Amino acid sequence: MKESPIRLRGLVKIYRSVAGEVTALKGIDLDIETGALLVVTGKSGSGKTTLVNMIAGLDQATSGEVWVAGCPVHRLSPDRAARWRRGTVGVVFQSLALLPSLTVLHNVMLPMDFAGKLGLRQRRRRALALLEQVGIADHAHKLPSEVSGGQQQRVAIARALANDPQLIVADEPTGSLDSGTAHEVMALFEHLAEQGRTIVLVTHDPDLAQRGTHAGHLVDGQLSEGAYSAVPSLPLAAPVRVTGGRS
């Protein structure tokens with residue numbers, strides 16, 4: 001069997017402060033296959049954001065292993081993780097994190113600027129193509145404040161695709177959107193999965209969870225399998241295997 005692009009083993013995350021310890025993740029074992037759209041649900045504080053941060057190398061595990069495309073992410077220093085992430089993982093943050101002083105186009109170009117792999121004209125051309133892909137190329141020269149919330153979310157998705165990552169993690173990408181716009185944004189993620197990208201998406205919306213190829217539910221840092229629902233146009237990937245920390 002081909003090795004899963006994402007593999008978690010015994011993943012534990014404990015946050016320590018003067019107020020005491022909080023265990024956010026409690027021994028998660030998880031395999032995610034190529035082309036899967038895994039939707040993770042759970043209440044606030046259940047560990048959803050911590051889980052995607054571990055996969056993206058944005059935070060370090062207390063114990064356990066995180067493997068992404070053969071890379072031992074759990075062993076990377078913060079600086080090495082940042083360099084690794086540039087070409088491997090696209091991140092859609094809950095806060096969007098668009099730079100307000102840059103145009104939509106330049107926000108999408110920014111990850112390519114940091115990577116330094118393409119010339120200016122190539123970066124500009126690719127950014128415009130990505131904005132076209134997410135349906136907002138006509139807003140390329142506007143500031144983020146001049147477009148709607150749903151359009152800002154599309155900009156964030158285009159930016160996550162800038163360096164052509166095969167893995168995308170998205171933390172509550174539809175949380176601030178109305179129902180209709182949320183489903184439109186979800187359709188973009190479905191399309192990306194159809195293209196063969198692996199996506200881990202966090203949401204509190206059970207309706208959106210039904211649109212993933214796989215679902216998992218977090219309760220107090222423990223993960224259980226949710227009901228599977230295959231997108232008709234996408235062959236169902238090998239099941240997400242959850243073997244630890246069940247609720």
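pLDDT is the predictor's confidence in each residue, on a scale from 0 to 100. This is a predicted model, where local features need pLDDT of at least 70, side-chain atom pairs count only at pLDDT 80 or more, and totals for chains, interfaces and linings use all residues. Residues are numbered from 1 along each chain as its sequence is written, and side-chain values use heavy atoms, with hydrogens and water left out.

Colour the chain by confidence. Its mean pLDDT is 85, and 89% of its residues reach 70 or more. Now select residues 63–68: strand β4 has the highest confidence, at a mean of 95. Strand β11 (residues 241–244) has the lowest, at 40. Over residues 227–247 the pLDDT is below 50.

Helices (H or I, at least four residues) and strands (E, at least two) are DSSP runs, numbered from the N terminus.

Next, select residues 48–55. This is helix α1, and six of its eight residues are buried, so the helix is largely enclosed by the rest of the structure. Buried means under 20% relative accessible area, exposed over 50%, partly exposed in between (1.4 Å probe, protein chains only). Pick out the buried ones: Lys 48, Thr 50, Leu 51, Val 52, Met 54 and Ile 55. Step just past α1 to Gly 57, which takes a positive phi of about 70°.

Last stop: Thr 198, in strand β8 (residues 198–202). Is Thr 198 buried or exposed? It is buried, at 4% relative accessible area. A polar atom of its side chain lies 3.2 Å from the backbone nitrogen of Gly 35.

Conventions. A polar contact is a pair of N or O atoms within 3.5 Å; within protein, one must be able to donate a hydrogen and the other to accept it, and residues adjacent in sequence count only if both atoms are side-chain atoms. Contact means heavy atoms within 4.5 Å.
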